[in-house]
Amino acid sequence: MEVRGRDAAGVPPDGVVSDIDLLRAHADGDRDAFATLFLRHRDRLWAVALRTLGDREEAADALQDAMLSAHRAAARFRGDAAVTTWLHRIVVNACLDRIRRRQAHPTVPLPDGTHDSEAGGGTGGTEPTAPVRDHDTAMVVREALATLPTEQRAALVLVDVQGYPVAEVARILGVAEGTVKSRCARGRARLALLLGHLRTGSEPAPAGAAEVPRVTRGNPGAPHGVRSRSGSHRPDANQEDS
């Protein structure tokens, strides 16, 4: 493929066309540039979508929606972040939109993440390399992750699962680094309550255990369900509390 502004071969001396050059070439009308860019980052984008949504069909649809959005918005890319950061941001937003829509219609059964691989996904072709078929522990972890507020889940997937630096995750999510750290800390605390039995071999914590407040010294033995003097309620488990 031809990329303007390069040598006679159309590529940098090291033989690798940069992400930004591919995106610009796509915006200039190169039919193959965006496909090359997507294939370069497909596996990591797919892993983020799958682990955020917990369901292969939903993840494939979200990834397809995100790539269509990126394909159309390429000409508006300002270059204020790395192309890969921009792509991840679009994928995460597509996933969070699906989660919010799912929560807004609770009568629709939540996906169980066990679709037959032969059924195919929305992206077409061979499914990218991603987490292998779940075993029991992985399913428990995935189910626990799915109980987290959407913002905490996205932060944990990017930081703890995908291994991105906090600063990079802050750019992907469009929030301050301190917010990412706070979301991760609160998400880890919830998961510790839900998954502590994996370390001890005891029974799993009952549903909602992560939401039971501890009794403080100033209020010993407070009966369950009694409001505080302020009359305030605890935030819903699916709302961000950072």
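What share of the contacts in the chain with a separation of 6 or more comes from residues 24 or more positions apart? These residues account for 65% of such contacts, where contact means heavy atoms within 4.5 Å.

The structure is a predicted model, in which local features need pLDDT of at least 70 and side-chain atom pairs count only at pLDDT 80 or more, while totals for chains, interfaces and linings use all residues. Residues are numbered from 1 along each chain as its sequence is written, and side-chain values use heavy atoms, with hydrogens and water left out.

The chain has 8 helices and 0 strands. Helices (H or I, at least four residues) and strands (E, at least two) are DSSP runs, numbered from the N terminus. Of the 242 residues in the chain, 38% are buried, that is, under 20% relative accessible area with a 1.4 Å probe, protein chains only. The accessible surface of the chain is about 14400 Å², and 51% of this surface belongs to carbon and sulfur atoms.

Two helix pairs are listed below. Axes are lines fitted to C-alpha atoms over the stretch in contact, and angles run from 0 to 180 degrees between N-to-C directions.

| Helix pair | Angle | Axes apart |
|---|---|---|
| H4 and H7 | about 60° | 8 Å |
| H2 and H4 | about 30° | 10 Å |

H2 and H4 are therefore roughly parallel to each other, and H4 and H7 are oblique to each other. Angles under 35 degrees count as roughly parallel, over 145 as roughly antiparallel, 65 to 115 as roughly perpendicular and the rest as oblique.

In the contact of H2 with H4, the H2 side includes Leu45, Val48 and Thr52, and the H4 side includes Val91, Cys95 and Ile99. The residues of this contact comprise 11 nonpolar, 4 polar and 3 charged. Here Ala, Val, Leu, Ile, Met, Phe, Trp, Tyr, Cys and Pro count as nonpolar, Asp, Glu, Lys and Arg as charged, and the others, Gly among them, as polar.

Thr52 belongs to helix H2, residues 33-53. Thr52 counts as buried because its relative accessibility is 2%. Apart from neighbours within four places in sequence, Thr52 is in contact with Cys95, Ile99, Arg153 and Val157.

Helix H4 covers residues 83-104 and helix H7 residues 166-173. Their contact joins Thr85, His88, Arg89 and Val92 of H4 to Glu168, Arg171, Ile172 and Leu173 of H7. By class, this contact has 3 nonpolar, 2 polar and 3 charged residues. Within H7, the buried residues are Glu168, Val169, Ala170, Ile172 and Leu173.

Note on methods: Buried means under 20% relative accessible area, exposed over 50%, partly exposed in between (1.4 Å probe, protein chains only). Accessible areas come from the Shrake-Rupley method with a 1.4 Å probe; for residues, only the protein chains shown count as cover.
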